[in-house]
Amino acid sequence: MSSLPLQIAQALLLVLLAPVAAGFVASVKARLQNRHGPGLLQPWRNLAKLFAKQVVLAENASWIFRFAPYVVFTATVMAASCVPALLVDTPLSLTADVIALVSLLALARFFLALAGMDIGTAFGGMGASREMTFSALAEPALLMSVFVLSLGAHSTNLTTMIQHTLNTPIMLQPSLAFALAAMLMIALAENGRIPVDNPTTHLELTMVHEAMILEYSGRHLALMEWASMIKLTLFATLIIDLFMPWGMVAGPDAAGLLLALVAWVLKIFGLLLALSLAETYLAKLRLFEVPEFLSMAFVIAFLGLLSHYMLEVNA
Amino acid sequence: MNTALIQQIIDGLAALMLLVSFSLLAQHRMLSVLHWFAVQGWLLAITSAFVAYGTGHHELYVSAAMTLLLKGLLLPWLLWRVIKRLHVHREVEPLVNLTLTMLIALGITLFSFHIIQPIEKISQLLTRDSMAIATACVLLGMLMMITRRKAITQVVGFLAVENALFFAAIGSTNGMPLVVEIGIAFDVLIAALIFGLFFFQIRTTFDSLEVDAMHASLVEREEEE
Amino acid sequence: MSPFLVTLMTPLIGGFVLAAVEDARIAARINVASGVITFGASLALAVSVAQVGSLNAVGGWFFLDAFNVFLVALTAFVGMTTAIFSGPYMRHEIAHGRMDARRMRLYHSMFQLFQFGMLLGFTANNIGVLWVSLELATLATVLLVSLYRTPASIAAAWKYFVLCGMGIALALFGTVMIFFTSSSVLGHGNEALTWTLLMDESSKLDPVVMMIAFCFLMVGYGTKVGLAPMHAWLPDAHGEGPTPVSAVLSGLLLNLALYALVRLKMLVDGATGTDTAGHIMMSFGLLSLFVAAFSLHKQRDIKRLFSFSSIEHMGLMTFAFGIGTHLASFAALLHMTVHSLVKSGIFFTVGHAAQAMGTQKMTGIRGLIRHHPGIGWGLLVGTVAIAGFPPFGVFTSEFLLLTATLDAHAWTCILLLLGLLVAMTGLLRFVQPMAFGEPASDAVAVRVNMLPVYVHLLLALMLGLFIPGFLAGWYDQAAALIVSAPLEGL
Amino acid sequence: MILALGACIAALLAAVGGGFLRGSLQRTALCLLLGVSGLLAIVAGMAGLLENPATLTLPLGLPWLPMHVRIDALASFFLLVIGALLTPVAVYSQGYLRHERRLAAMGVFLPLFVLGMFGVVLADDAFSFMLFWELMSVSSYFLVTFEHEQPENRKAGFIYLLMAHLAGLLILGSFAVLYAAGGSFEFVSMRNAELTPFWASVAFLLAALGFGTKAGVAPMHGWLPDAHPVAPSNVSALMSGIMLKVAIFGFVRLAWDLIGTANFQWWWGVLVLAAGSSSAVFGVLFALQQHDLKRLLAYHSIENVGIILIGLGLSMLLAHFGHPLLAALGLIAGLYHTINHALFKGLLFMGAGAVLHASGTRDMESMGGLIHRMPATSLFFLVASISISALPPFNGFVSEWLTFQTALMAPQLGAALLTAIVPFSAAMLALAGALAAACFVKVFGVVFLGHARSEAVAGAREVDGWMKLGMAIPALCCLLLGLLPVLFVPLMDAIPRALLDVSLAGHVHAHGWLWLSPVDVSRASYSAPVALAGMLAIGGLAFWWLHPKGTTVRRGPIWSCGTPNLNARMQYNATSFSQPLRRIFGGVLQPDEHVHMEYPAHKLLTKKVRHVLHVADPAVRHLHRPIGDFVLNLARIVQQEHQRGIHAYLAWTFATVLLLLAVFA
């Protein structure tokens, strides 16, 4: 089975493409605000610069602070490499089903928050507190939508779910629509995008993600940034896999792969375009409106579940 | 004399017994209470003598004699001395006024008749009817203990109950076995002695024979902080 | 001289001897010696009874069967340990001027006479004599309760005397009534009051009379058992008397009264053929359980606290005997044993605690464990035992009682459980602060003799873990006597 | 069997040794014997899981009911759980008790406590079960009140014993029902008893209430947050780690084994599920609001017991609807979480004990920066925190993952209502898990990271080797159980084989030893080893790539937005960390929170700000107080009757006579 190298290649692709994707979002938003955005590759340039720089640590930074970036990065990449992007059936996708995948990201978040607490500034603590709170609230909604999705395939194994979607004729399933809506809202929250958090802000009282990595510099900062970019792409891929996997190939044949690649890239950029539009037209929520946002996501997902039983089971 | 006559005499004595119990309740003055108590003792003695004669249980003569000595003479005399020595107030101080007590007493008597009446037929004794009277007397004695304030009146009540019991034993069962009789009499004697002992202790510690005074001391002993 | 006569006579003689002995120390020794002899003899007696099953003594005036022989042994044992305990305790009392030589004489002789009354009552075959002996024991203890001559103690003794006097009078009336019906069956001699004969003829006795008689007996002896609502004398008598007296009152006298009640209930059941009497006892038992359980929460005086706990346990036993099944009776007998052991042990400890802290007020007693570990742990463990926690015997008996209840009257289980829980809380809420914490500053060191306590607790522990065969045999026979139904199921 | 008894005897010896020896010899003997007993228990458990049940009758107990002892799969598993924590705790105690005066009480009651737990697990008849159960409760009561100088400890102990006794009586009631049905106290006959649905439900409810109270299931948990913190830390570790599990054991024993899966009603499962989810969320929400370290951990015990119950509840449902295989999965999930929680909660309490030992305080608000002074302790604590937060690759995740997988089987239930309830409780489980992660970020961040908030903490020193070793063992176990569930689950397989007679082992590693798959690999699969290996590889690569040659780091001051002299009190602390959740879940928590401000002259010139926060436990507020008051009022009424005079008492007697005569004659 020659798919292991393919798998790794696919993971690499995702990891390397992530900064570009981030750049794409940034430049689209710039365009929408009538600015000349930085090029698609600007994130790459930033990362390269950061990797070259020397690291400056706070006096009382402990090993947690230096260890965290690697955990965050590796956990995210590991998660990314379990997600089928081009191939439906990849050996590594057995490593973690959706739930395990999510909790790999949770591991990354755990260390991110710890790093925020490590220095002992008010900012770090504030960021950690808010991040953990919001993610905790996002969790049930996420699980519920996963639940809805697993109803069809009777599985949380990504490969099986994709195959199920591919093998069933395309029909409008309200439950899936609900699940998608919930999933999108959660994706926004998880990646700290507007309206939940603003990745570009450094205004003290509104920061969440930025507040935690405030003390980072050099390669540590680079890893953190890169990890968050990968996470964005990862979620995009996840949504693609769960809702619109069309074009993915079962076996490794060159033509199919090429097609799949094109399809995947297009879908990614489509989603990101939607994201940038949303970020431009939506305003950031007040901090304590976020819980309502997330509980709304949960309600929607739950409606998805109910509608599945009410409309689709007996159908 | 024929049994019918004795039967009537004993019934008459029983009636007297009941009457005495009532009058014990009705008394105002300490000394007259004692008098009536003595009378009760005599009644008992006479009854047992008659029963002894009527039934031919000759050991009953012994208990008749004991009763006469103990309850007719000794105990009243003891109590009398106590009253004299302790200058007990001459008035009986009832908690419940006399008329009400009387009414209750009547009620109780009725009640005990109602209770006992069905069982009297089972006995062939010539004295069976007196069981109801005895019960009534027991309950009346208790009533006396409850409704009188002084310790000494309580004692009289207690002894009245004892008398009633004895009457029950004599009248309705022709007397308990002698051993038991003696035992009981012995206990009553000790009890009376202890009572006497107590009066002096109570008197010396509370300088009154009011039961409530003692109770107060208990409560305050418990409350004290 | 047969072990029986030794058992019975030693206390009597001891009583008269001690009345004459001036020196308190020697008296205490004699007291102990007499206790030891009595216990030894009672053991011998128990053995002989265990061999022959049941025996009559002194021309049928006395008789012993499994039911009362183990109670005799128990009485003798607790009496002995109490005597051992009372030596140093009373010395402390004299030293602190609460007692003088004259009253010590009274104390010792009355203590022995009380023992005599108890043993007489247990062994008497004549319900009249039973009554007399109970009265005797009562009178002896009345004098013991008023021993300190404090206003409170005299008032308590008076209360005890009057209430129990009344009760006992009612009991006598009940006895007279039994005689009233039995005399028509068994003639006018002693036979008409001899329990064994009555038991044989019980079916011939008139049910109505027997029922009335039982009403009087129930209230009369019930007063002495300390059943609510006739229990008012009990807390005062326990609270004001010297501790050894409280110990024997709780540990023994109540047992005798209950014993009498059960014996007579057996007659009544025989006569009526219904279990109405049992139901009466059950309701009294439950009532006492609840009254005591709730009263526990409002106590101030440590000895009153534990006397209420005695009421609670007496209620349990009465309830169990009331159920009257074999298992229930077994449980009741076991409970009787462990309760006597544990409760008297607790009273020993309490006495020392009160001496050490110079007060019986529970607010004044603190930090016993720090002050004197022996007393502190003794009290705590004793309480845990009496509250029905394993591995102590009380747990076993309550376990059996609960199952027996479930067999007979399932729903009363709930009441039982509630009562037990409330009672346990009430005990613990007070004992805990006394045992734990820092001791009061004015606590004095006392010469304590914890041996009896430990012996009692160890025995209770043993009964909790396993019941030796001969004892189980006794209980079994006794239970079989009480209900002539074989041990089924288990 | 012999081994198990050996464990008990060792515990007994330990009690004797602890009681009669003195000084360091006493400590050593105690810890050594306990350790031995723990090891024996582990071996016995392992053996018991592999062999067939063995029974034995001891010459103790009632004349006609000698003590029956039986070691079957369930018992063996819990022996294993007990041993797995007891051993490290014994090692830990050797160091922890070094500075403890007056060991006598602990020396006696700690082993008795352990003995009680062994006994409960091994008992094969109701009497010995209850005997050991209460022994466990009482001895742990004495351990809770070990430091009885503080009144609050006494109060905690009192409430604890009360609730324990209540639980005991309820359980006794449940046994009584089974006894009435089976005619004997031996479990054998209870198993074969014919139960009507009604009596089965009564027995189940009594058992659920009793064991629930003991396990600290909301809302009967009121005693737990008070009792666990005040005990010495090694005891808290055992109480939280094992004693609650013994309650779980009792529940499984009664419900699955004695009442029997055949008698399950559908609503039992729902009940357990509801209780589980509510305690899970409730526990973690209140844990987040605590700033007393051990109290916080105690609340987490409530949460984890809830998680266990979710697994068990699912199992009950599935068993009732005739899916024994899936039921087995739920059972395994619950039990797996049981041993996991025993390990990491024990470890956490030991860590808390170490911190308490080093800094002399339990108040998180005065801690901070301990990672620099207690590196080893902080590492172990971190491991435990990750495990309890259910994050891969540690053990907490495995069991919660299995629970989720069971929940995902809900569609198989058929009944429409349940198919909606189960996902909801799964969502609650997710919420609880995530909140737990938040809580442990808070704990680890506030206690070990940042700057020290007090002198005592600044001067803290690392604990000695014994305590380190004691904490290292469970930390290692957490990792192993997290990495190799595929090897451990088949070991547990004996339990479902005994209780549901289905075997899960085949399905679990259908796809090879690397991949854990609940029922079928196409449904879901998880491989901790691969994930860990992958992460190590990626991390290694990244590290190697980013550190070409002697790259140096520079240390600099914290960026403080230009404000001078930041101090330790400006850090986020426990209270501030949980502020958002306090605000979001205000409805549940009902915090009593005020800010007092003093303005000398002008609104803008604030002189002093005082923040007062008190979060009371609703169980105390709405359950304990009312009942207590009710009892006291009744008591007052009864007492008033005892304040009357002698005439009144005579009247009582008199009235009683008249009443009796009137009624019965």
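Predicted model: local features only at pLDDT ≥ 70, side-chain atom pairs only at ≥ 80, totals over all residues.
Chain D comprises 28 helices and five strands, and its C-alpha trace extends over about 100 × 70 × 60 Å along the principal axes. The radius of gyration of chain D is 27 Å, which agrees with the value near 26 Å that a compact globule of 665 residues would have. Of the 665 residues in chain D, 62% are buried, and among the contacts in this chain with a separation of 6 or more, 77% are accounted for by residues 24 or more positions apart.

The contact between the two chains draws on 67 residues of chain D and 66 residues of chain A. On the side of chain D that touches chain A, two or more residues each come from α14 (370–373), α16 (395–407), α17 (416–448), α23 (528–546), β3 (553–556), α24 (574–577) and α25 (579–584) of chain D. Of these elements, α17(D) gives the most to that side, contributing 16 residues. When the side of chain D that touches chain A is divided by class, 45 residues are nonpolar, 18 are polar and four are charged.

Strand pairing also links the two chains: β3(D), one of the elements on the side of chain D that touches chain A, pairs with strand β1 (residues 55–58) of chain A in the parallel sense, over four bridges. Within this pairing, D:Arg555 in β3(D) has A:Leu57 standing opposite.

Terms used
Residues numbered from 1 in each chain as written. Chains lettered and ligands numbered in written order. Contact = placed C-beta atoms within 7 Å. Nonpolar A, V, L, I, M, F, W, Y, C, P; charged D, E, K, R; others polar. Pairing = 2+ DSSP bridges. Rg over C-alpha atoms; globule rule 2.2 N^0.38 Å. Buried ≥ 20, exposed ≤ 12 C-beta atoms within 10 Å, placed from the backbone.
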